[in-house]
Amino acid sequence: MHPDELPTRSDVAIIGGGVVGSSVAYFVKQLSPGASVCVIEPDPTYEFASTLRASGGCRVQFSCPENIDMSLFSIQFIRDFSRDMSLPDRPAEVDWVEGGYLFIVPPEHTKSLEANVRLQLARGCEVELLTPAELRKHFPSINVDDLGGGAYTPRDGWCDPNGLLWGFRKKAQSLDVAYIKDRVVGADVTPSHVRSLRLEGGTRLAASHVVNAAGAWAGEIASLLGMDLPISPLRRFEHYFTAGSPIERLPYVKDLARLAFRSEGVGFSGGLVDGDAKRGFNFEVDHDDFERRVWPAVAHRFPPFEAARCHRTWSGLYEQCELDGNPVIGRWNGRLTNLYTVAGFSGHGMMHAPAAGRAIAELITYGKYATIDLTRLGYERVEANAPYREAGIL
Ligand SMILES: Cc1cc2nc3c(=O)[nH]c(=O)nc-3n(C[C@H](O)[C@H](O)[C@H](O)COP(=O)(O)OP(=O)(O)OC[C@H]3O[C@@H](n4cnc5c(N)ncnc54)[C@H](O)[C@@H]3O)c2cc1C
C-alpha cells in the first residue's frame with residue numbers, strides 16, 4: 001500500500017498480523033462484509049512471530065469444554081482450508097496430516113485422563129482409551145513400564161502453520177483488509193474507549209473496535225492501553241531429529257512432563273517445554289537442549305531413540321498466560337469497552353486461531369457470542385484473579 005493511501009480511520013483495527021490476528025480479520029469480513037478492517041503488522045516476513053515457529057499440532061484432547069469445542073471447529077476448518085480459502089490465483093495449502101495424538105500418563109493420573117476422555121466423547125470427539133497392553137499393540141516400540149494408560153485421538157493431526165497464516169492473510173486481503181506495515185507504539189484513550197492507535201511511522205489511526213492479537217507481545221500492547229495482562233514470552237525449543245534405529249510412524253505424543261513430539265518426514269519434530277524458563281524476548285538457541293533434556297525422555301519412552309541424532313534446533317515464543325495457561329479472549333467490559341483481547345494461548349494458538357478469530361468477530365458484529373460461548377475465557381477472570389485451568393496436558 002502506498003503511504004499516501006494508509007487509512008487514518010477504520011471500523012476494526014487489529015494489532016498483530018500473525019495467524020490469530022489474520023483469522024480475526026478474515027472472520028470480521030465474513031460476518032460484517034461492509035466493515036473496514038486493517039491489521040497493523042510491523043514485519044511481513046514474520047521473522048520472530050510464533051506462528052512460523054510452531055510445530056503445527058491440532059488436537060481435541062483438552063479438559064475445558066471451551067478448548068475442546070474450539071478444537072472441533074478449528075480442526076474441521078483446517079481440513080476444509082484448501083477448499084474454502086483458496087483464491088483463483090493462489091491455492092491455500094496447509095498440508096493437513098491426520099496423524100493422531102497420543103497422551104500418555106502414569107498410573108496415578110489415569111482417573112483424570114479417563115474423566116477428560118469422557119468429556120471429549122460427550123462433546124463429539126473420536127477418542128480411545130488405551131491400556132498399557134493396548135498401547136504396545138498400537139505402538140510396538142513404546143515402553144509402558146511406568147505408564148497407566150493413554151488416550152488416542154486418531155482424527156487429530158498437524159498442518160503447516162506458514163500455509164495457515166498466509167492462507168488467512170491472502171484471503172483477508174482479497175476481501176479488502178488492509179495490512180499496514182507499522183508498529184503500535186501508543187494509544188489515545190478516554191475513560192471508556194480506545195479512540196486511536198499511534199503508529200511508529202507517525203500515523204494516528206482512529207478505530208471503532210481495537211483487537212489486541214499481538215501474541216507474545218500482547219502484554220506489552222496491553223500496557224500501552226493501561227491494561228494489566230499477565231501474558232509473557234516463554235522460550236521453547238523445537239528439534240528435528242531422527243531415531244537412529246527402525247521405529248514405527250508415531251502420532252503426536254505428549255506426556256505430563258510436557259514432552260511433545262511427532263513424526264515429520266523420515267524423522268521427528270518436537271521438544272520438551274520448560275515451563276520455568278526465564279520469561280523474555282530471547283531467541284538464543286541452546287544447542288545442548290536436545291542431548292540434555294529431550295533425548296533421555298524420548299529414549300526412555302521409545303528405546304529405538306537410543307541412537308537418536310538431532311539435526312536442527314530452533315527457538316520460538318509461547319505467549320504464556322501466567323494466570324492459568326488458558327487464553328484471554330473477549331472484550332474489556334470493565335473499562336475500555338471497544339478493546340478486545342485474543343492472546344495467551346500458551347502453546348495452542350495456531351490450532352485455535354480459526355475458532356478464536358470467529359469468536360472475536362462475533363463479539364464485534366453481534367455484541368455477544370453466537371456459536372461457542374467463551375465467556376469463561378474473558379478478562380474478568382484476570383480481574384478477579386480466578387484461574388480457569390486446563391487440566392489436559394499443555
Ligand atoms: C516451538 C513452538 C511450537 C508450537 N507448537 C504449536 C502447536 O503444535 N500447535 C499450536 O496450536 N500452537 C503451537 N505453538 C503456539 C503458536 O505458535 C502460537 O500460539 C500462535 O502462533 C500465536 O499466534 P499469534 O498470531 O497470536 O502470534 P504471532 O504469530 O507471534 O503474531 C503476533 C504478531 O504481532 C506482531 N506485533 C508485535 N508487536 C507489535 C506491535 N507493537 N504492533 C503491531 N504488531 C505487533 C508481531 O510482529 C507478530 O507478527 C507453538 C509455539 C512454539 C514457539
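This dialogue covers a helix pair and a ligand site in a predicted model.

Visitor: What do the numbers rest on in this predicted model?

Guide: Local features need pLDDT of at least 70, side-chain atom pairs count only at pLDDT 80 or more, and totals for chains, interfaces and linings use all residues. Residues are numbered from 1 along each chain as its sequence is written, and side-chain values use heavy atoms, without hydrogens and water.

Visitor: How are two packed helices described?

Guide: By the angle between their axes and the distance between the axes. Here the axes of helix 2 (residues 65–79) and helix 9 (residues 349–366) come within 7 Å and cross at roughly 105°. That makes helix 2 roughly perpendicular to helix 9 (65 to 115 degrees, on a scale from 0 to 180 between N-to-C directions). Helices are DSSP runs of H or I, at least four residues; strands are E runs of at least two.

Visitor: Which residues come nearest to the ligand?

Guide: A residue is near if one of its heavy atoms lies within 4 Å. Of the 36 residues around the ligand, Glu41, Thr51, Gly57, Glu319 and Met351 come nearest.

Visitor: Which element gives the largest share of the shell?

Guide: Strand 16, with four residues.

Visitor: Which backbone atoms lie by ligand oxygens?

Guide: A polar contact pairs N or O atoms within 3.5 Å. A backbone N or O atom of Ser50 lies 2.9 Å from a ligand oxygen. For Met350 the distance is 3.1 Å.

Notes. Angles under 35 degrees count as roughly parallel, over 145 as roughly antiparallel, 65 to 115 as roughly perpendicular and the rest as oblique. A polar contact is a pair of N or O atoms within 3.5 Å; within protein, one must be able to donate a hydrogen and the other to accept it, and residues adjacent in sequence count only if both atoms are side-chain atoms.
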